[in-house]
Amino acid sequence: MELSVMVCDDLEEDRFTLARMVQRYADASHIRLTLDTAASGDELLSRLTPGKWDVAFLDIYMPGISGIDAAKQVRERDPACALIFATTSREHGLIGYDLQIMDYLVKPFNQGDVNSALDWLLQNRNNQIRTLSFHADWESVEVRLRDISYIEVRQHTSLIHVDGRVFSTRRSIDSLESEIRSEQFFRCHRSFLVNLDQVSGIQKRDFLMADGTLVPISMQNLARARQACLNWSLEKSWGK
Amino acid sequence: MEFSQLPSASACVAVWTTNLKLWNHLRQILTNWSQGACVSLHLDHWDCLLDQWSAFSGILFLDADSVDHTQMADLVQAPQIALIIVSADHQLAIQAYRWHPVTFLPPSAGFQAVRRAMDLCFPFWRQGLQWLDLPFHRDRIRLPLCQLYCAEADGRETILYCTGGQMRASFPLGKLWELLPSPPFLRCQRGFLVHLGAVAEMTGGNLILRYDSRVIPVSRKQIKEIQESLSQWEFNKA
């Protein structure tokens with residue numbers, strides 16, 4: 001498993017202490033960690049791209065843009081990024097709920113507090129972070145589930161379409177489907193497993209993917225496919 | 001079957017409090033919300049943590065001012081429960097993060113605040129959504145009932161105005177009206193029905209809709225009844 005973390009704090013000592021705690025957690029949990037740090041909200045926002053960080057720890061009182069304003073902008077630009085306030089402030093508990101932050105750590109906090117927050121992230125944001133591992137053309141590959149567009153079978157080989165790249169593996173689509181086991185993926189055809197998050201609509205008897213590709217739906221799965229697509233889009237868009 | 005619910009379903013919501021005033025307040029708001037959102041709701045009051053709580057799956061409003069916090073640890077670990085903390089103590093807001101609630105509400109929270117909280121819990125009440133399932137030529141139209149805000153008769157067919165756009169059903173408006181819950185739906189004249197939540201205002205015998213500023217005429221004999229329904233609707237939301 002891999003995890004990408006941002007630690008944003010204007011105080012160098014606090015920033016490094018928290019970064020060390022995150023590193024210790026990753027080492028103990030055998031997680032491949034990508035760790036970024038920023039000394040201000042402006043620096044964080046200048047480096048933010050959607051999907052770059054799984055979680056961002058944010059101090060609140062910082063010179064320039066505050067942690068609250070930075071959190072608002074992160075929410076707009078990358079809604080999937082989990083946010084954790086790590087601050088001396090005890091006054092922003094309520095606004096944190098409006099910003100849908102995941103946890104609120106009051107300084108001085110300890111390793112146990114950071115571990116609990118990251119444990120929760122791994123258990124409850126599984127779909128964002130989970131990966132699929134397989135052997136493709138003699139190399140071992142690990143991809144994030146969220147990046148998979150669809151999987152198809154051709155001549156006993158599974159082709160995994162990920163961000164415009166195609167990996168081929170000898171694993172069966174049944175075995176891949178049972179490992180993935182997520183509501184986000186729908187078996188629309190004996191030979192196709194599709195990531196509903198990357199579907200932009202249904203055209204006749206095909207899923208139209210975000211990149212324009214058409215993925216066939218078998219006649220017997222058509223009604224279920226429509227309902228699954230509708231349920232998924234409702235879940236993604238409800239209240240927004 | 002033209003009007004259906006997904007199998008098995010009501011949304012389960014429990015309010016865990018010993019404060020009867022708070023229970024009555026939340027019960028009223030949640031009942032109004034379920035009516036407007038066209039959600040089939042099963043609402044429970046817990047005055048203590050039930051032995052069978054682990055069998056509960058749904059949304060739990062927890063009054064942190066009247067129940068024992070020490071019983072929280074197990075609840076936090078239950079992935080089938082969406083927790084909403086209710087408390088007048090703002091200082092508790094930070095402490096409550098360790099329970100990972102969906103949100104934190106004051107006991108005086110009104111309709112809009114509760115509705116926002118329910119929006120955040122959508123996956124936990126989705127099974128209670130009522131659905132519209134109508135024929136259109138050889139195909140079917142299926143959508144959550146709350147997304148329908150207006151319907152207009154067009155001969156033997158009906159034009160459905162929904163939050164996601166406009167569509168047509170091979171189904172007469174009169175028959176559709178017999179299937180819809182009222183409130184929130186109202187037949188404002190022979191050719192139209194509307195969802196009360198979609199009405200921005202009523203002026204001069206016309207309803208003006210909030211989504212597309214469409215003007216819907218109201219039949220003269222129904223003006224009074226519709227005015228009363230609208231007032232009651234606004235009162236419930238307030």
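## Two contact surfaces in a predicted model

In chain B, 7 residues of domain 1 touch 10 residues of domain 2. Keep in mind that this is a predicted model. The domain assignment puts domain 1 of chain B at 3–127 and domain 2 of chain B at 146–237, and their centres, taken over C-alpha atoms, sit 31 Å apart.

What joins these two domains? There are 0 salt bridges between domain 1 and domain 2 of chain B, and 1 residue pair is in polar contact. On the domain 1 side, helix H1 (residues 20–36) of chain B gives the most, with 3 residues. That side of domain 1 has 4 nonpolar, 3 polar and no charged residues.

Now for the place where the chains meet: 23 residues of chain A are in contact with 27 residues of chain B.

| Surface | Buried area | Share on carbon and sulfur atoms |
|---|---|---|
| Domain 1 and domain 2 of chain B | about 820 Å² | 62% |
| Chain A and chain B | about 2200 Å² | 62% |

Three residues stand out on chain A: A:Tyr97, A:Trp120 and A:Trp238 supply 34% of the area that chain A buries against chain B, more than any other three residues.

Between chain A and chain B there are 3 salt bridges. In a salt bridge, B:Arg126 and A:Glu183 bring their side chains together at 3.9 Å, N to O. The interface of chain A and chain B also holds 9 residue pairs in polar contact. Several elements of chain A give two or more residues to its side, including helix H4 (93–98) and helix H5 (111–124). The largest share, 6 residues, comes from H8(A). By class, this side of chain A has 10 nonpolar, 8 polar and 5 charged residues.

Methods. Residues are numbered from 1 along each chain as its sequence is written. Chains are lettered from A and ligands numbered from 1 in the order in which they are written. This is a predicted model: local features need pLDDT of at least 70, side-chain atom pairs count only at pLDDT 80 or more; totals for chains, interfaces and linings use all residues. Side-chain values use heavy atoms; hydrogens and water are left out. Domain bounds come from an automatic or database domain assignment. Contact means heavy atoms within 4.5 Å. Buried area is the accessible area (1.4 Å probe) that two parts lose on being put together, summed over both. A salt bridge is a side-chain nitrogen of Lys or Arg within 4 Å of a carboxyl oxygen of Asp or Glu. A polar contact is a pair of N or O atoms within 3.5 Å; within protein, one must be able to donate a hydrogen and the other to accept it, and residues adjacent in sequence count only if both atoms are side-chain atoms. Helices (H or I, at least four residues) and strands (E, at least two) are DSSP runs, numbered from the N terminus. Ala, Val, Leu, Ile, Met, Phe, Trp, Tyr, Cys and Pro count as nonpolar, Asp, Glu, Lys and Arg as charged, and the others, Gly among them, as polar.
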